[in-house]
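Colleague: Please take one part of this model and go through it closely, with the cut-offs for each term.

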Amino acid sequence: MLDMALNATRFFRNESCGKCVPCRVGSQKMVDLLTGWTMGEGSPSDMGLIEELSDALRLTSICGLGQVVPAPISSVLKHFREEVEAHVSRRECPSGICFAGEKRPNLAAMASRPV
Ligand code: SF4
């Protein structure tokens, strides 16, 4: 889900016309943060930063494109927060998608499965 949010955010960043600073700079910052999370470079303080950045984009972007930039990660954080926290806090991708394609299975979940 984090990878999906990153792809959607990259799309919005690419489509930004650059007229206003919050969208032009904020969408790039959002992509940088999410990319870091998929590469094991996140920190727990990033969660607060994402929320501040999301508010700034929603409240200060001139048009709907800038205002919707935070929607993908906001939705993923609302419905799949544990998955995101696994990336940020434990540097673990439960789906084995992130970390430069390196498969990192959730060993705790595998250990608890019945044989
Ligand atoms: S919010 Fe709209 S006007 Fe502002 S940079 Fe983004 S696309 Fe352009």
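Modeller: The model is predicted, with local features requiring pLDDT of at least 70, side-chain atom pairs counted only at pLDDT 80 or more, and totals for chains, interfaces and linings using all residues. Residues are numbered from 1 along each chain as its sequence is written. Helices are DSSP runs (H or I, at least four residues), numbered from the N terminus.

The axes of α1 (residues 2-15) and α5 (residues 71-79) come within 8 Å and cross at roughly 165 degrees. Axes are lines fitted to C-alpha atoms over the stretch in contact, and angles run from 0 to 180 degrees between N-to-C directions. The two helices are therefore roughly antiparallel, the term for angles over 145 degrees. On α1, the contact (C-beta atoms, placed from the backbone, within 7 Å) uses L2, A5, A8 and T9, and on α5 it uses P72, I73 and V76. By class, 6 of these residues are nonpolar, 1 is polar and none is charged. Nonpolar covers Ala, Val, Leu, Ile, Met, Phe, Trp, Tyr, Cys and Pro; charged covers Asp, Glu, Lys and Arg; the others, Gly among them, are polar.

In α6 (residues 81-90), V84, A86, H87 and V88 are buried, with 20 or more other C-beta atoms within 10 Å of their own. After α6 comes R91, with a positive phi near 50 degrees.

Note on methods. Angles under 35 degrees count as roughly parallel, over 145 as roughly antiparallel, 65 to 115 as roughly perpendicular and the rest as oblique. Two residues are in contact if their C-beta atoms, placed from the backbone, lie within 7 Å. A residue is buried if 20 or more other C-beta atoms lie within 10 Å of its own, exposed if 12 or fewer, and partly exposed in between; C-beta atoms are placed from the backbone.
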